[in-house]
Amino acid sequence: MAAENGEEKLIAVARHIAKTLGHNESMADDILQIFTNFDDRFSREKLADKLTTAGQEEDPRALDHTLKSLERQISQYVAADHPIWSDSADSSAFLDCVDELISTVRGLSASSSSGAYLARAEDLLQQTMFRLGDEFRLLIERGGESFEPTRSYNNGNGELAEDNSNLLFDDSDEDDHDYSDNEIPVAQRLSNYDIIIDALPSGIINDLHEIAKRMVFSGFGKECSHVYSSFRREFLEESLSRLGLGKLSNEEVQKMQWQELEDEIDKWIKAANVSLRILFPSERRLCDRVFHRLGSVNDLSFMEVCRGAVVQILNFADAVAIGSRSPERLFKVLDLFETMRDLMPEFEFNFSDQYCLVLRNDALGIWKRLGEAIRGIFMELENLIRRDQAKAAVPNGGPHPITRYVMNYLRAACRSRESLEQVFEESVNVVPSKDSTLSSLSVQMAWIMELLETNLEVKAKIYGDPALCSVFLMNNGRYIVQKVKDSELGLLLGDDWIRKHTAKIKQYLLSYQRSSWNKLLVVLRADSSPVAANVGGKSMSMKDRIKAFNSQFEEIYKSQSQWIIFDEQLRNELRISLCNLVMPAYRNFIARFQNAPEVGRHADRYMKYTLEDIGTQINELFEGGKGSAGGRK
């Protein structure tokens with residue numbers, strides 16, 4: 001029986017070849033002659049009545065015999081209670097039967113008088129395809145369970161080398177292990193993404209391809225694709241879960257506390273990079289091998305495998321993009337924006353076919369929405385500055401908290417200057433600039449600086465003392481210029497902006513001197529008479545003038561030794577300026593005072609401060625109360 005079945009199968013194969021290649025009578029006849037010369041079993045008598053050449057009809061008895069033979073052979077495989085592909089001989093024989101059945105169905109489909117036989121053949125073909133689909137699924141499952149994924153990487157010679165180490169996931173806790181020099185933690189080994197994972201053994205991939213080829217040729221490509229994509233989709237879902245990326249709804253993302261959301265963004269960045277640079281290219285490669293030269297089924301299967309994971313990745317980024325515009329979110333949103341930007345070429349490369357067009361477009365749209373979110377965060381920063389009302393004066397005229405916040409914020413933001421420039425170049429809502437050479441980001445930064453300066457000028461009016469008002473503006477102006485000069489802000493705002501605002505600080509200094517020291521200098525410089533002088537419309541004697549000086553200088557020292565000039569260089573510059581302003585005038589006054597007739601030999605009795613005392617106490621100003629008050633002992 002086995003020999004008879006073997007001969008029958010051999011003849012069936014020869015018949016299939018002749019039918020496939022014999023497009024006309026002459027060609028079929030030549031093929032028959034070749035088989036006859038090769039083996040006596042391939043006699044023309046045995047084969048000729050089996051062939052259907054162009055324009056001929058099959059003999060009903062031969063068709064019935066062929067179908068019964070196929071039904072007998074195939075039914076034993078379809079009904080088998082064990083995997084057919086557990087035995088290579090069984091799988092090879094089964095595929096031969098499948099090939100003959102496919103050929104028979106095609107031949108019958110071309111005939112106009114073989115309806116009943118065609119129905120029988122198609123019913124048998126459907127049963128066969130169902131079993132092939134089961135075998136396809138079993139092969140994928142068996143391959144995934146028994147195979148340790150390998151990575152392939154470029155070895156420098158344009159070839160792919162392999163390494164059997166799992167580099168994507170590490171469920172162990174590094175803190176629980178002491179690694180020797182040769183035992184490097186898995187997480188540390190993933191230093192780049194130039195790897196491809198082979199998730200199934202090569203032999204199983206080849207078997208899957210042979211099954212897929214026959215299912216697609218028989219019109220069961222969608223069923224085959226469904227089986228394949230269902231299993232591989234589960235693999236990607238598990239991979240994302242192991243990378244820490246959960247399935248979060250839009251509402252869940254919006255309700256998260258910011259610190260928790262920051263952690264999720266970090267996980268997202270890792271998962272997105274691994275997915276786009278390793279997992280998806282690996283799935284593309286596997287699809288290309290399983291569905292090699294099988295047309296659109298390849299692209300459709302790949303899209304079905306990856307769509308869920310891509311949507312999961314994009315949905316999280318989108319939820320962040322449409323969320324709160326709180327300024328504190330800028331830096332993590334920038335991380336998302338930069339990651340999406342860097343991954344856009346991967347989206348274009350991995351999802352280049354027509355079925356994946358919607359995924360590419362969605363990725364591009366969400367990347368742009370992240371840019372919109374960044375611009376929205378800067379608008380919220382502007383609103384924060386406007387809403388920061390002048391409630392209470394900063395003690396001693398130091399830098400205002402809003403100044404520190406805004407400048408440190410912008411300084412940190414400008415570390416991502418290239419990304420921000422990209423974001424603002426796409427914006428049409430930036431305040432127009434008189435200088436067309438400035439970038440959109442430069443204009444944005446200059447606008448925020450202007451808002452901050454306006455806000456500070458309003459806050460300065462809270463101080464009742466004009467001198468302290470000037471000190472406040474001096475401090476804040478100096479703080480702003482310093483932060484601009486030692487960061488990317490300096491490149492954005494330019495040297496002209498820095499020079500202009502440095503000049504403003506000097507104006508505040510002069511304003512301080514006028515409001516604080518002019519009255520005292522008038523007392524010292526009034527010299528219309530060696531006996532009496534007119535000060536502020538009043539006639540004052542030399543004794544009255546030194547008393548007035550002592551009182552005013554003591555008052556200035558008492559208050560301004562509590563004031564703060566936070567910048568040491570500015571503080572020293574201001575003290576030197578005051579010494580140069582006050583000490584020469586005081587020296588001249590003392591000389592006149594000692595020679596005044598009304599004072600006589602008792603000048604020391606009225607002089608509370610020596611020239612050195614004046615210099616010492618000026619150099620104790622603006623320390624925030626650290627100086628030691630006093631005068632001539």
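The legends below accompany several close-up views of one predicted protein model.

**Figure 1. Overview of the predicted chain.** Residues are numbered from 1 along each chain as its sequence is written. Because the model is predicted, local features need pLDDT of at least 70 and side-chain atom pairs count only at pLDDT 80 or more, while totals for chains, interfaces and linings use all residues, and side-chain values use heavy atoms, with hydrogens and water left out. The secondary structure of the protein chain comes to 23 helices and five strands (DSSP runs, H or I of at least four residues for helices and E of at least two for strands, numbered from the N terminus). Of the 633 residues in the protein chain, 48% are buried (under 20% relative accessible area, whereas exposed means over 50% and partly exposed lies in between, with a 1.4 Å probe and protein chains only). Among contacts (heavy atoms within 4.5 Å) between residues at least 6 apart in sequence, 75% join residues at least 24 apart.

**Figure 2. Helices α9 and α11 packed against each other.** Two packed helices are described by the angle between their axes and the distance between the axes. Here helix α9 (residues 221-242) and helix α11 (residues 258-290) pack at an angle of about 160°, and their axes are 11 Å apart (axes are lines fitted to C-alpha atoms, for helices over the stretch in contact, and angles run from 0 to 180 degrees between N-to-C directions). The angle makes α9 roughly antiparallel to α11 (over 145 degrees; under 35 counts as roughly parallel, 65 to 115 as roughly perpendicular and the rest as oblique). The crossing of α9 past α11 is right-handed (the near helix is turned clockwise from the far one by less than a right angle; left-handed if anticlockwise). On the α9 side, the residues that meet α11 are Tyr228, Arg232, Phe235, Leu236, Ser239 and Leu240, and their partners in α11 include Ala271, Phe280 and Val290. By class, this contact of α9 with α11 has ten nonpolar, two polar and two charged residues (Ala, Val, Leu, Ile, Met, Phe, Trp, Tyr, Cys and Pro count as nonpolar, Asp, Glu, Lys and Arg as charged, and the others, Gly among them, as polar).

**Figure 3. Helices α21 and α23 crossing.** The axes of helix α21 (residues 568-595) and helix α23 (residues 611-618) come within 10 Å and cross at roughly 160°, which makes α21 roughly antiparallel to α23. In this pair, α21 passes α23 in a right-handed crossing. Leu611, Ile614, Gly615 and Ile618 in α23 meet residues of α21, among them Leu578, Val582 and Tyr586. The contact of α21 with α23 is made up, by class, of eight nonpolar, one polar and two charged residues.

**Figure 4. Aspartate 567 in the loop between α20 and α21.** Aspartate 567 is buried, with a relative accessible area of 10%. Its side chain makes a polar contact with the side chain of arginine 478 at 3.1 Å (a pair of N or O atoms within 3.5 Å; within protein, one must be able to donate a hydrogen and the other to accept it, and residues adjacent in sequence count only if both atoms are side-chain atoms). Not counting residues up to four places away in sequence, aspartate 567 touches Arg478 and Gln482.

**Figure 5. Methionine 344 in helix α13 (residues 330-350).** Methionine 344 is buried, with a relative accessible area of 8%. Leaving aside neighbours within four places in sequence, methionine 344 is in contact with Ala363, Leu364 and Trp367.
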